[in-house]
Amino acid sequence: MIAATEPIRILPKSRADGGEGQFLEVSMGPQHPSTHGVFRMDVVLDGERIVKLKPVFGYLHRNHEKIAEHETYLGSMPYTDRLDYFCSLTNNWAYALAVEKLAGIQVPERAEYIRIITAELTRFQNHAALIGFLTQDMGASGTPLMYAFRERETILDLFESLTGARMMCNYMRFGGCRVDLPAGWLDHAKKFVATLPRFLDEFERLLASNEILMARTQGVGVLSKELAVNAGVTGPVLRASGVNYDVRKVDKYGIYDRFAFKIPMGEHGDTYDRYMVRLLEMRESLNILNQALKDIPEGPIVDPKTRIRGFKPKPGEAYGRIEAPKGELGFYLVSDGTSNPYRYRVRPPSLMNLTVLEQLCIGRNVADVVVILGSIDIVMGEVDR
Amino acid sequence: MHSAIQQADQIFVALQHRVAGYLPVKFQSIADVILSVIAIVLVFAFLFAVTTVLERKGLGRIQNRYGPNRVGPAGFFQPLADGVKSLTKEDLVPRAADQAVHFMAPVLLVIAAFLAYAVLPVGRNMVLADLNAGVLFFFAVGTLVELAVFMAGWSSRNKYSLLGAMRAIAQMISYEVPLVLASIVVIMAAGSLSTVSIVNMQTGYSGIWPHWFVLTPWGFAGFNLFMIAATAESNRSPFDLPEGESEIIAGYYIEYSGFKFALFFLGEYLGMFATSGLAITLFLGGWAAPFSFLTWIPSYLWFFAKLLLMIAIFIWIRGTLPRLRMDQLMNFAWQFMLPMTLINVFAAGVWHFMPGGVIRWLVCAVLLIVPAVLLSRGLKQGKKFEARTYRFAE
Amino acid sequence: MTLENIKSEVEAKVPGCALEIVANPSPSGQHSLRIDPAHAVAIAAFMRDAEHLRFDYCSNVTGIDWPGKEISEKVKVKKLVDGVEQEVEEVRKSQTVGHLEVVYHLYSMEKKHGPVILRMRTEDRAEKVHLPSLTSVWQSADFQEREIFDLYGVVFDGHPDLRRILMWDGFKDHPMRKDYVEPDDYEYEPTAHDEVLERARQHRTVMGAQ
Amino acid sequence: MFGEGILKGLAETARNFLGSYVSKKRLTTVQYPEERLPQIEAYRNFPFLVYDGEDWQQGLRCVSCFICEKECPPKCIFIEKSTDKKPDAVGKPQFYPTVFNIDVSVCMSCQICVEVCPFDAIKMDTDFELSTDNRFSGLLWDKKHLAKSNEHYHKIHPTEAAVVDAQLAAERAKVAAKAKAAAEAKPAAAPATPPPVPAATEK
């Protein structure tokens, strides 16, 4: 066995070592109010300027992948809810998609529509809450956050009436969804979605043109195209850097090719672009939602051939990925023909997006670190798994 | 009728004299002072309690929540509950902290904050000490707050608190300059440093309109500049960097708990009331009624009404704006606030030497608006802050 | 652009490399390419930079543990049984050397194609667990390779910062390996049943549990 | 111009401040213990065991088939099977659980036990006010705590319960018809002991 390497020691660089005086080594987190969970950054400061930053995580590590190896395929579904606990439905979908690829299961049309509706609602509430948190990190004392949560509450109510739970939905099944839409759900959703543009307008008026917000975010944490691609950054963070890559468009998984929607692109790759891209993406989500809610057909919601118990895919492997709100969420499954996956791997977008954190933060202020981290949008449940 | 109004206006002054009058003449003056001090401490501590509830309720309403509404009628006994809570909490002091300084910092902060009220006329004849250099005294005492803050930050032996203290010192010293310069225009106009005579200058009326300094171009600009600087001085949003909760957690009072933490809270709010009170004294006519037909309302009520209005504005701003960054804050202080206050001093001088009329208004307004536009452009241009348009990919 | 094409192209461009297509029997049809660790960096760099491949985006890096299997075969052996030479069937057991495998899922953001799956194997699971790091080619492999090092114990040569990432420094084992035995000294919740409770009970008296 | 966006934002918050006094819709807070949201029918919290009739021990639908115990992802269910049999919900003699425990401190309300149960014996409850002063035994629910009547099930999930009841009624009729047919086929046999029926494997 290979022993672990020496623990990290970032030593202050004194004047004798060619530094400009003494550096301050601060450990931001894991009990820091704006590290979005139990995340730690070993930061070396020159005054308030970041000289070095090392992300440290694993505080929430529960070895989800190992647990899944001891569970049946279905048994891992509720655990996926707990990865990115803000977007359990997209996690469900990604996992279901991977298993469907592995076992070659078809999904009925109505189920695909339901999946898209729930996924886009999830994207909407995730982005709304994220922008709230981002402004909270900038010190906006929670007003945008509360507005976002007001709308999120209604979305969660929709989820609850559909899936039985607000956050830990455990809704998707291999080859479809668990239960059909309850009576009146569609009308309720339609009515609610119709009110969302007004909320977005309000949200934009509140902050999008605010000078302080612009000053805090424009030119902060610029992520270049090349670095973003090379570092495997995905999702709105990637698109804010001007790379046109959305798994919904590239893979056309589900039935996304039937919907007309556009992908907002940033140019500068700074925090403001990441913020605005999300704001615009929410509008596009509403576009998709309107189409899906209008066109949803009647029919079965789950492939009748799939079995709940004793599900044993043929040996082989599959990698299924979707565009989760935070980026590309992939599940890699290796089956050895038994009812438990031989290998179960989550490719969490939050973890990959963190790869660039240090490069974004070097040379910035402490205050910027918080904003950059907020704009990257991490959820520790997913990073640590 | 007229005397009834006067009696209502002077009821507290009369009460003070009545109480002091029972004592031998030798002690009367000191008894006067003690009574005033007691009144100030009680009234403003009460105002602090009310403000915390109002702030939480106001922020709640801004955020579409109720705010505290469980303790007492409509939640107005919440500060009592908070007080009990903070008193019964364990008082933690870090082992590595400088114990004595750590203890003294919140005490000094509260003392300094209370000292400033000595020169604030809260009503007609209601001032503790009518100093010749009242405004100067106010600013001098205000700097004690900085000392207390730095003591807290330094003695806690915490990196965050040190960062917070450094931020606080940099910010307070930078904004002290525009704060003083913004109030100089009033001193120029009044020709006195005494707060009482400044207020007396503003008590007259033309028709129904008062002679407040804020109703002149330089007064209006000065008031706005003063309020911005005062916001920064009292560490309120959007200039609350020293405590920047999301960045350096609580800044200089990160290592304070229990009642010491409550004292910091108290000191901070008292500072906010004091600077607001000074702004009222300097620009908003102190205890003077806003219209001549409203003079029958007792003067101290006007003062506190104005103070509550200022507090409401503070809460409103806090509920809306994100926080600035340290370098932006400094740039704003030195690149915008300082030149603007200097120009404002010049404009006030121009106003003084020009004959009255529309032309004076126009000249002064132009003198102020043009530099304001240019300076804010300059602030923006260096960084190229602008709303952007986005392209969409298919 | 099939996997065969890529294979022949890579073989032409990177001399001396050994590639092998690993078929995937599952309906997903995601076949993969096993590359030899010695040329891995060159192959990866070629696949990233080649004009028509442009696999500039390494999405997923995974470790898989394939422990050695016990293979038992029946052999007929001549033996002396009770003084008489007889042909006796005997089960001979042998242990295969397991290996750790690292899987890279590549996509192209520029050309929008993929995935191409690369696999690498270590020689065994104990000592020869070194593989070249592809972090120099794709930065996205950085954290994921660290994670594989942490959870599987694959040592990536040339990785800029190979430390444990999810487990704490000083943790000894590699928990994702199939033969990992979890320690029974963790803080337990006395569930009503299962062996965890039993083990926990041996450690200390359990409050409230039956 | 400098300050335009700030003023816009201030106007927006002022609108919300005043709006919160005018429109009840803006204030989304529900003053919980006094006010309550209407229960959503699909809501689920922790599982319970359904029983028919009056006596919870006799009417328990569970036949202790161990499927839920096996399928439960966090393994929070513990069952011990009886040695004797009693008639189950459809009238067949079946084993019943002597011990049925759910550790709700481990349970994650995923509903998989409900999905896999072939006997409609375990369903999700909606009770969420579950605070207890003992985190071990207080959160380890036994059979008695878990057993809830079919009427309760009808109250919390009416649509679902109606479907389940119809299914059960159909099955019960089938079993009764079978028993009748068996009784007719063997009229001579003593009716004291019911004929052994193979364990239910349908569904």
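Author: Gladly. Contact means heavy atoms within 4.5 Å. By that rule, 17 residues of chain B are in contact with 20 residues of chain D. This is a predicted model, where local features need pLDDT of at least 70 and side-chain atom pairs count only at pLDDT 80 or more, while totals for chains, interfaces and linings use all residues. Residues are numbered from 1 along each chain as its sequence is written, chains are lettered from A and ligands numbered from 1 in the order in which they are written, and side-chain values use heavy atoms, with hydrogens and water left out.

Reader: How much area do chain B and chain D bury between them?

Author: Buried area is the accessible area (1.4 Å probe) that two parts lose on being put together, summed over both. For chain B and chain D this comes to about 1700 Å², with 61% of it on carbon and sulfur atoms. On the chain B side, B:Arg61, B:Asn64 and B:Tyr66 lose the most area to chain D, together 38% of what that side buries.

Reader: What makes D:Glu34 and B:Arg70 a salt bridge?

Author: The term asks for a side-chain nitrogen of Lys or Arg within 4 Å of a carboxyl oxygen of Asp or Glu. The closest N and O atoms of D:Glu34 and B:Arg70 are 3.3 Å apart, so the pair meets the rule. Across the interface of chain B and chain D, the rule finds 1 salt bridge.

Reader: Why is B:Arg61 said to lie over the face of D:Tyr21?

Author: A charge sits over a ring if NZ of Lys or CZ of Arg is within 6 Å of the ring centre and within 35 degrees of the ring normal. B:Arg61 lies over the face of D:Tyr21 at 4.1 Å from the ring centre. C:Lys178 lies over the face of A:Tyr342, at 4.0 Å from the ring centre.

Reader: Why are B:Tyr253 and B:Phe261 called edge-to-face?

Author: Rings of Phe, Tyr and Trp (its six-membered ring) pair if their centres lie within 6.5 Å; planes under 30 degrees apart count as stacked, over 60 as edge-to-face and the rest as tilted. The structure holds 51 aromatic pairs over all chains. For B:Tyr253 and B:Phe261, the centres are 5.1 Å apart and the planes stand at 75°, so this pair is edge-to-face. Both residues belong to one aromatic cluster, whose members include B:Phe48, B:Tyr252 and B:Phe273.

Reader: What makes C:Ser32 and C:Arg119 a polar contact?

Author: A polar contact is a pair of N or O atoms within 3.5 Å; within protein, one must be able to donate a hydrogen and the other to accept it, and residues adjacent in sequence count only if both atoms are side-chain atoms. The side chains of C:Ser32 and C:Arg119 are joined by a polar contact of 3.0 Å.
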